[in-house]
Amino acid sequence: MEKTAFSRHLDLSSVRISDSFWNEKLELVRREVIPYQYDALNDAVAGADKSYSVENFIKAGKIAEKIKNGESVPVFPTDKWCYDENNSPPEAFHGWVFQDSDVYKWIEAVGFSLINHPDEELEKRADELIEIVCAAQLPDGYLDTLFIINDRDAVFTNLKDRHELYCFGHLAEAAVSYYRGTGKRRLLDSALKFADLICDAFGPDGIKGYPGHEIAEMALVKLFEETEDKKYLEAARFFIDERGKKPYYYDIVEGKKTVYDNYHYNQAHTQPKYQYEAVGHAVRGVYLYSGMADIAKYCSDDELYFACKKLCDSIINRKMYITGGIGATVDGEAFSFDYDLPNDLAYSETCASIGFIFFLRRMLETAPDALLGDAVERALYNTVLSGMALDGKSFFYVNPLEVLPEASSKDSRKRHIRPVRQKWFGCACCPPNLARLISSVGEYAFTENENIFFIHQYIGSAVKSENAVIEIISDYLDSGNVTIRLKPKKSFTLALRIPLWSKKYSFSEGFTEKDGYAYFCINEATEIKASFCPEIRMIKCSNKVRYDLDKIAVTRGPFVYCLEQADNGRDLQMLKISKTPDFSYEGLFITANGFREKESEQLYSDWKEAEMSPVRLKFIPYYRWANRGEGEMQVYVRI
């Protein structure tokens, strides 16, 4: 690793976003999504699946009080993934085993939002919820409502399935966000107390286990960054070093042999430093890879960093949809084999793309590479934004590239494909994940070190960095033009990502180029104009992707476009785009010359040239699909 290239993302308080596109999203999250999700967590959204999240913390608080007073408390089973009124008594835990994490992600989103836009009423509501959360914590620091409510003696006995360390990870990330947003330590102190318990319980002389669902690794690093206490960094490293060692920890629990053998599912098949292909549950994978990248950087571990680079290559070049979606198969919500990217069966979980962005940002902080910055952009502007309706009140868990509503209702293989967004989910990881990422989008645009300021994403902003006061005036998404005004505090270097989709680009000042970034020496107040070319392009897949032979996708700048039934009628598979499309860009949509094949009722017949009628095709940005009712959609079109 080249340490001189290391950088760190800016604290959100140093970034004031002025970008019209992103300000709209930030305000949508603040005004609509965060309040709506608060209602969902409190089971107050009519017609939505119940969350039970806040209810569980209230129950756990009562148990904690009884324990404090020396009163006896009941014991219930902890042997399920999900508990509801049909399989658990009213006083027991309800919901998925990781239900606590939804509350933590909501608090984290609030913390980020308060940095962007102070809001006394929202802060008061979050403070009240934090009190409910902290009241549930046991005296030794333990805080997980499933085990506090159901069985205190079962703590840390099923790390593979019961998600205690996963919930802790989201607690830690929420605590840091809220502390940075408000200066209040109540939740941070609770998170640190739980982290201390984990540091004491796990290690060479303690439990030699590791999380079944990763995130604790990067969360512990975040606590290290906040406190500078190295024990948190060492705990994160321990989890990564122990993972995948033989004999497998999951095989030997309390001396009993388990029947578990799907180690690829949670990336425990081998030690992370030897993992070169992205496999298993996609969200777990990218959360682990994020922690690996953190440890590689802070511990100068070249072996671990090499694995991270190979994993990036595996995902970007063989396992990523054109929309930035990852995790192609519903079977295990997982990465599939290389080049297996079906459109109408795609899983492409919203959380997976969000976690991928976490991983990519950490890799960019280690070594700038335009390929990684482009992957962040692709995931952000397509799959991530697709996960939320334009009004912020319904959500996609799964983000397919082709939808036939009839198949979703009648074909069990496609039941995970929803043609319309849902109000909420019993397993509701994606909506609060969206809220926290969008609220913190400023952390993904810029990084810096003592000598270099990097612009990875061209989001209009006013930035106060250690090197300069910087204003970014961005028309990047429309014209491709960006103006950067700089008032340096000292001489430094400005580095601008050159988007790979821009075949032509120019800058108003001389520059050197390395790894897809343009470097400028800044010695005085100056203005640099960047001009990129967001032309409409027809993109094909590798011919190893069997589903997309003789098909293309339409893109413009960072956006992928799609066809919808609302604009183009039914039977989208009958449409072809002309090889001379005569594209027209009209803001929110693109039109092109194409053809509609004449329908044939006969199941089999002798081959002959299909009869075609000319049509004008209309494409909309992929992230905007399914906002006009139920209908067909497809990204790839025949050519």
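The lining of the largest cavity divides into five nonpolar, one polar and seven charged residues, where Ala, Val, Leu, Ile, Met, Phe, Trp, Tyr, Cys and Pro count as nonpolar, Asp, Glu, Lys and Arg as charged, and the others, Gly among them, as polar. The structure is a predicted model, in which local features need pLDDT of at least 70 and side-chain atom pairs count only at pLDDT 80 or more, while totals for chains, interfaces and linings use all residues. Residues are numbered from 1 along each chain as its sequence is written, and side-chain values use heavy atoms, with hydrogens and water left out.

The largest cavity has a volume of about 100 Å³. A cavity is a set of points, on a 1 Å grid over the protein atoms alone, where a 1.4 Å probe fits but cannot get out; a pocket is an open set with protein on both sides within 12 Å along at least five of seven lines; and lining residues have an atom within 4 Å of a point. Grid points are joined across faces, edges and corners, and a volume is the space filled by probe spheres set on the points. Of the 13 residues lining the largest cavity, Glu108, Lys222, Phe358, Arg436 and Tyr444 lie nearest its centre. At least two lining residues come from each of α3, α8, α12 and α15 (430–439), and α12 gives the most, with three. Helices (H or I, at least four residues) and strands (E, at least two) are DSSP runs, numbered from the N terminus.

By class, the lining of the second largest cavity has two nonpolar, two polar and six charged residues.

Lys222 belongs to the buried residues of α8, together with Ala216, Glu217, Met218, Ala219, Leu220, Val221, Leu223 and Phe224. Buried means under 20% relative accessible area, exposed over 50%, and partly exposed in between (1.4 Å probe, protein chains only). Helix α8 spans residues 216–227 and is mostly covered, with nine of its 12 residues buried. The cover over these buried residues includes α3 (100–116), α6 (164–182), α7 (186–201), α9 (230–242), α10 (282–298) and α12 (350–366). From first C-alpha to last, α8 reaches 16 Å, close to the 16 Å expected at 1.5 Å a residue, the expected span being 1.5 Å times one less than the number of residues. Just after α8, glutamate 228 takes a positive phi of about 65°.

The largest pocket has a volume of about 700 Å³. Among its 30 lining residues, the closest to its centre are Ile316, Met320, Ile322, Arg378 and Ile539. Two or more lining residues come from each of α11 (302–318), α13 (370–386), β18 (536–539) and β20 (559–564), and α13 supplies the largest share, five. This lining has 18 nonpolar, four polar and eight charged residues.

The aromatic rings can be followed next. The structure holds 42 aromatic pairs. Rings of Phe, Tyr and Trp (its six-membered ring) pair if their centres lie within 6.5 Å; planes under 30 degrees apart count as stacked, over 60 as edge-to-face and the rest as tilted. Tyrosine 347 and tyrosine 397 form an edge-to-face pair, 6.2 Å centre to centre with 75° between the planes. This pair links distant parts of the chain, 50 residues apart: tyrosine 347 is in the loop between α11 and α12, and tyrosine 397 in the loop between α13 and β7 (402–403). Tyrosine 347 counts as buried because its relative accessibility is 7%, and tyrosine 397 because its value is 11%.

Phenylalanine 511 and phenylalanine 520 form a tilted pair, 5.8 Å centre to centre with 40° between the planes. Phenylalanine 511 has a relative accessible area of 34% and is therefore partly exposed, whereas phenylalanine 520, at 1%, counts as buried. Ring pairs link both into a cluster with Tyr458, Tyr476, Trp501, Tyr505, Phe507 and Phe532.

Glycine 516 is found in the loop between β15 (512–514) and β16 (517–522). With 18% relative accessibility, glycine 516 counts as buried. Not counting residues up to four places away in sequence, glycine 516 touches Ala370, Leu496, Arg497 and Ile498, contact meaning heavy atoms within 4.5 Å.
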